[in-house]
Amino acid sequence: MGSTTKTGGVERSAYTTVFGSLDSYDKGGVELINDDARHYAFSNIFEVASKSKPWEKVAVAKNFEYVLEAVRAEGTSPWRTAAHDEFAVCLDGEVTVELVKLEASPLPSDAEGSVELDGEPTGAKMGRGFLKRGHQVLLPSGAAYRFTAANPSVLMMQTIAGPDTQFRWAEICQTV
């Protein structure tokens, strides 16, 4: 949100950052000026997460094979792994992440996206991270990870689209 004031004859702009959450967000919108709405897509990560099941991975942005996924964190996720690095950013709530260095990856080195593991992973424990709003964690290739959130929270995952990535553009995007 922005405003302009004059002080001593000089215009100054003031901006206030407003953070969204699952409980309180404004969808926002896209203002088109001499352009076509088909060139843009807009969605709100909190709205997507509020309508998602726990641990669903819903793409909210895509650039070539890379995606940003909205994830509703609630309860304990299954263990997952990927053949490439991934990142998670906590946008709302509090989330714990556990990491295990896998003895052997079940994935080929060129696999895309993360996959759910069957049961508990075998390997050395790498540690645990505690995420709050704005905190980020690297989920390294060759590691297994799982998240826990006591209360509904929101993660944004940066990864490569995989078998569990859900594309719901028609449901989540505002094009006008």
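Colleague: How far apart are the closest N and O atoms of the salt bridge that E47 forms with K51?

Modeller: Happy to start there, with the ground rules: this is a predicted model, in which local features need pLDDT of at least 70 and side-chain atom pairs count only at pLDDT 80 or more, while totals for chains, interfaces and linings use all residues. Residues are numbered from 1 along each chain as its sequence is written, and side-chain values use heavy atoms, with hydrogens and water left out. A salt bridge is a side-chain nitrogen of Lys or Arg within 4 Å of a carboxyl oxygen of Asp or Glu. For E47 and K51, the closest N and O atoms lie at 3.5 Å.

Colleague: Is K51 buried or exposed?

Modeller: The scale is relative accessible area, where buried means under 20%, exposed over 50% and partly exposed in between (1.4 Å probe, protein chains only). K51 has 62%, so K51 is exposed.

Colleague: How many residues apart in sequence are the parts that E94 and K132 tie together?

Modeller: E94 forms a salt bridge with K132, with the closest N and O atoms 3.8 Å apart. Helices and strands are DSSP runs numbered from the N terminus (H or I, at least four residues, for helices; E, at least two, for strands). E94 lies in strand β7 and K132 in strand β9 (residues 123-132), so the pair ties together parts whose separation in sequence is 38 residues.

Colleague: Which residues share one network of salt bridges with E98?

Modeller: The side chains of E98 and R128 meet in a salt bridge, N to O, at 4.0 Å. This pair links distant parts of the chain, with E98 in strand β7 and R128 in strand β9, 30 residues apart. E98 is buried at 18% relative accessible area, whereas R128 counts as exposed at 55%. Through salt bridges that share partners, E98 is joined into one network with E120, R128 and R146.

Colleague: And what does the count of salt bridges come to?

Modeller: Examples in that count include the pair E47 and K51 and the pair E94 and K132. By the rule above, the count comes to 10.

Colleague: Why is the pair of Y25 and F46 stacked?

Modeller: Rings of Phe, Tyr and Trp (its six-membered ring) pair if their centres lie within 6.5 Å; planes under 30 degrees apart count as stacked, over 60 as edge-to-face and the rest as tilted. A search of the whole structure finds 4 aromatic pairs. The rings of Y25 and F46 have their centres 6.5 Å apart, and the pair is stacked because their planes are at 25°.

Colleague: Where is Y25 placed?

Modeller: Y25 is partly exposed at 28% relative accessible area, while F46 counts as buried at 11%. There is an aromatic cluster as well, formed by W55, Y145 and F147. As for Y25, its place is the loop between β2 (10-15) and α1 (45-50).

Colleague: With which side chain does E56 make a polar contact at 2.8 Å?

Modeller: E56 sits in the loop between α1 and β3 (57-63) and counts as buried at 13% relative accessibility. A polar contact is a pair of N or O atoms within 3.5 Å; within protein, one must be able to donate a hydrogen and the other to accept it, and residues adjacent in sequence count only if both atoms are side-chain atoms. The side chain of E56 makes one with the side chain of Q166 at 3.5 Å. The polar contact at 2.8 Å is with the side chain of R168.

Colleague: How far apart in space are L107 and A83, C-alpha to C-alpha?

Modeller: L107 belongs to the loop between β7 (94-102) and β8 (114-116), and at 18% relative accessible area it is buried. Beyond its neighbours within four places in sequence, L107 is in contact (heavy atoms within 4.5 Å) with T81, A82, A83 and V115. L107 and A83 are 24 residues apart in sequence, and their C-alpha separation in space is 6.3 Å.

Colleague: To finish, what percentage of the 176 residues of the protein chain count as buried?

Modeller: The protein chain has 2 helices and 12 strands. Among its contacts between residues at least 6 apart in sequence, 75% join residues at least 24 apart. Of the 176 residues, the buried share is 41%.
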